[in-house]
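Subject: Structure for your review

Dear colleague,

Please find the structure we discussed below, handed over for you to look through when you have time.

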Amino acid sequence: MRDVAVVAFTQAKSVRAERDLNETEILIPVIHDIKRGAGLETKDIDFVCSGSSDYLAGQSFAFVSGLDAIGAWPPVSESHVEMDGAWALYEAWVKIQTGHADTALVYGFGKPSMGDLSRTLALQLDPYCVVPLWPDAVSVAALQARLCLEGGVLSEREMAEVAVRDRGKGKSNPYAQVTGDFDVDALLAEPTFVSPLRRHDCSPISDGASAMIIAAGDRARDLAERPAWIRGLEHIVEPQDLGIRDLTTSRSTQIAADRAAVGKDKIDVAEVCGPFTHQSILVERALGLGESVDVNPSGGALSAHPLMAAGLTRIGEASKRIWDGSADRAVAHATSGPCLQQNLVCVLEGA
Amino acid sequence: MSESEERKPVEVLRTPVVLDYTYSAGQSSSRHLRAFGKGKLLGQRCPVDGRVYFPSRGSCPQHGVPIEGEPVELPDRGTIVTYSVNRVPSENIDLELPYAAIQVLLDGADTILFHVLGESSIDDVHMGMRVEAVWKPEEEWDDSVANIRYFRPTGEPDTPFDQYKEHI
């Protein structure tokens, strides 16, 4: 295996609704800043891979306009995944492993405010037997939360504690959207939104984008003083039918974490992508995080959830902790699909 | 239900999918489109090599850098750099068939505008032909490229190929 490291990361500030800029215009300064920060031009980047969704944009091949942000003339080697940018990172990492590239630019972007996100996400479900009923995304997550609560897997208090923790830490993240000091008891006194979920259990809807540069070996050492080496990277998927899966645990995260060897050594920092508080708890358990781990120093997905970029952002935020020396070993997680259907785990190390 | 009916696959399942979107053209395209509404053609200059993009979408797709700074106002005349003859009717174009679909390089621009050619026989249209915009009456203007009804020949001498060959 080739040594590959995250050497640069940039993100746009997440906002509830960006009315002035289109998707590409959200991306343009992010791509410009990361290239300028790394001292790279498009010609210095061997491979480009992005993650976005035409369903969010409401038009086919919407990602192609994103290429204007990177400058694709003369033509560049490029690929796209209809998934979070974390999966674009996976593809870029594989590309570097094959020896066909030494550097890659990865980005994810989305502007879910253009549509009704909760309805759009229903289209991820079985088109024959489930979609005709249009279960919205929050209701589907609420079914999972109910299973966890009734099954004694977790409590509403634990869920509220996640919201208080993440949004408190998010205060120091200038790119976050919903942050502040909250009180668990006060949150629990709030009415439910989609029972048993309360507002604080749900991540915000965010327009945003993020970008990352990864590089192999000496190229990474040239580009970063202390590269965040990718020591484990795996993604695992569960079936589409919610009734087949055990929704009170995250088996795919467990398997990915095992294969990425999360438990091989002490973890200092974890960045978890939990779109709902109960999902964050399930992922944290599946990753086997100990008490001493600093979870979501960025505020996590509950502070800002730019769909299609939020997972890549977790890996970027974890990398920042490696670069600044506050962590020697970090784990980052990304998720996709209803009720944590697909999960990606990335282990980063400073040496 | 007979056995053969049970084995028959379900071939039609009605699931109406309706998703509403609220679009924004974005900052750059909005400025470009609003200029059309005032009868103006606005391009923008790449900060790296000075090429003038018409329209500009906020970044130079060649250098991948943001395009900022004052827009460049362009004249409504230019040169046909390529064309094709259209024999299929379109409800948005009120020209008689057949007509020429043209790509016009506006004077001072470095990218090409797609439009149609009027007041000309398709036997006369050719690369290098000089053309000018024919606008709709002002009271019909919208924030749209369709404010220009079509381009028509100016009768000026052709632009030599060497002067536009980089822009085809």
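Predicted model: local features only at pLDDT ≥ 70, side-chain atom pairs only at ≥ 80, totals over all residues.

Residues are numbered from 1 along each chain as its sequence is written, chains are lettered from A and ligands numbered from 1 in the order in which they are written, and side-chain values use heavy atoms, with hydrogens and water left out.

Chain B has three helices and 10 strands (DSSP runs, H or I of at least four residues for helices and E of at least two for strands, numbered from the N terminus), and from the N terminus on their order is α-α-β-β-β-β-β-β-β-β-β-β-α. Its radius of gyration, taken over C-alpha atoms, is 22 Å, well over the 15 Å that the globule rule (2.2 Å times the number of residues to the power 0.38) gives for 168 residues, so chain B is more spread out than a compact globule. Along the principal axes, the C-alpha atoms of chain B fill a box of roughly 80 × 40 × 35 Å.

On the surface, Tyr83(B), Val85(B), Met127(B), Phe161(B) and Ile168(B) form a nonpolar patch with about 440 Å² of accessible area together (Shrake-Rupley method, 1.4 Å probe, only the protein chains shown counting as cover for residues). Patches are made of residues with over 30% relative accessible area and no salt bridge, like charges being joined within 9 Å and nonpolar side chains (Val, Leu, Ile, Met, Phe, Trp, Tyr) within 5 Å; a salt bridge is a side-chain nitrogen of Lys or Arg within 4 Å of a carboxyl oxygen of Asp or Glu. Met127(B) lies in the loop between strand E8 (113-117) and strand E9 (130-135) of chain B, and with a relative accessible area of 37% Met127(B) is partly exposed (between buried, under 20%, and exposed, over 50%, with a 1.4 Å probe and protein chains only).

Best regards
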